[in-house]
Amino acid sequence: MEKKPHYNPGPRPQNAGPRPQQQPQRDRRLPDRNAKDPNNINENIRAREVRLVGDNVTPGIYPIQEARQIAEELELDLVEISAQADPPVCKILDYQKFLYQQKKKAKEIKAKASKVVVKEIRFGPQTDDHDYNFKLKHAIGFLNEGAKVKAYVFFKGRSILFKEQGEVLLLRFANDLEDYGKVDQMPVLEGKRMIIMISPKKK
């Protein structure tokens with residue numbers, strides 16, 4: 001029973017105990033910091049030799065120390081871009097600038113993928129042929145540009161009595177656009193508007 005206190009002398013000294021424990025903790029944190037980077041760089045590259053590629057070096061296989069020295073002389077970073085290769089492939093470049101450009105490209109790709117442009121075209125329930133053909137031409141242009149077309153007939157006052165006529169107009173509109181787009185939503189009456197949605201056809 002009296003042997004239990006013998007487990008405490010290690011952590012018990014307050015001056016000596018915490019200091020030796022702090023140094024290993026810093027070492028353990030290093031991989032966490034490096035894990036945030038998508039590539040190994042400089043001292044974090046563990047291969048004995050690497051294949052250098054790029055515009056600012058003579059391509060070839062170099063010992064890791066020589067590759068790091070070249071990067072230092074150019075005041076740039078040695079970046080591992082293909083860790084699975086044998087030997088790993090590295091480039092010498094400005095890593096912070098490289099990361100910035102990668103993030104910028106990713107944002108641009110995301111913006112293009114998520115950005116959906118919707119163009120609205122409004123009709124009256126008794127739109128004449130001249131006005132109809134004018135708006136049909138605009139819709140073809142919108143669809144060719146990759147935008148969706150939201151066409152609707154607006155019923156003002158008692159013109160709601162002509163809702164069947166508005167539906168026929170929208171179906172005719174969709175039919176005339178069948179070579180350029182596909183119908184996402186058949187004519188639906190929402191309040192005073194009857195709406196149809198048309199998406200561009202994939203090329």
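These entries record what I looked up in the structure.

**Basis.** I worked from a predicted model, in which local features need pLDDT of at least 70, side-chain atom pairs count only at pLDDT 80 or more, and totals for chains, interfaces and linings use all residues. Residues are numbered from 1 along each chain as its sequence is written, and side-chain values use heavy atoms, with hydrogens and water left out.

**Sheet.** I counted strands as paired if DSSP finds at least two bridges between them. Strand β3 runs antiparallel to β4 (residues 89-93), joined by five bridges. Within this pair, L78 stands opposite I92 in β4.

**Aromatic pairs.** I took rings of Phe, Tyr and Trp (its six-membered ring) as paired with centres within 6.5 Å, and as stacked with planes under 30 degrees apart, edge-to-face over 60 and tilted for the rest. The structure holds four such pairs. Y95 and F98 are stacked, at 6.1 Å centre to centre and 25 degrees between the planes. I also noted a cluster of F123, Y132 and F173, linked by ring pairs.

**Charges over rings.** The criterion was NZ of Lys or CZ of Arg within 6 Å of the ring centre and within 35 degrees of the ring normal. The charged end of R172 sits over Y132, 3.8 Å from the ring centre. R193 lies over the face of Y152, 4.5 Å from the ring centre.

Definitions and conventions: Helix = DSSP H or I, 4+ residues; strand = E, 2+ residues; numbered from the N terminus.
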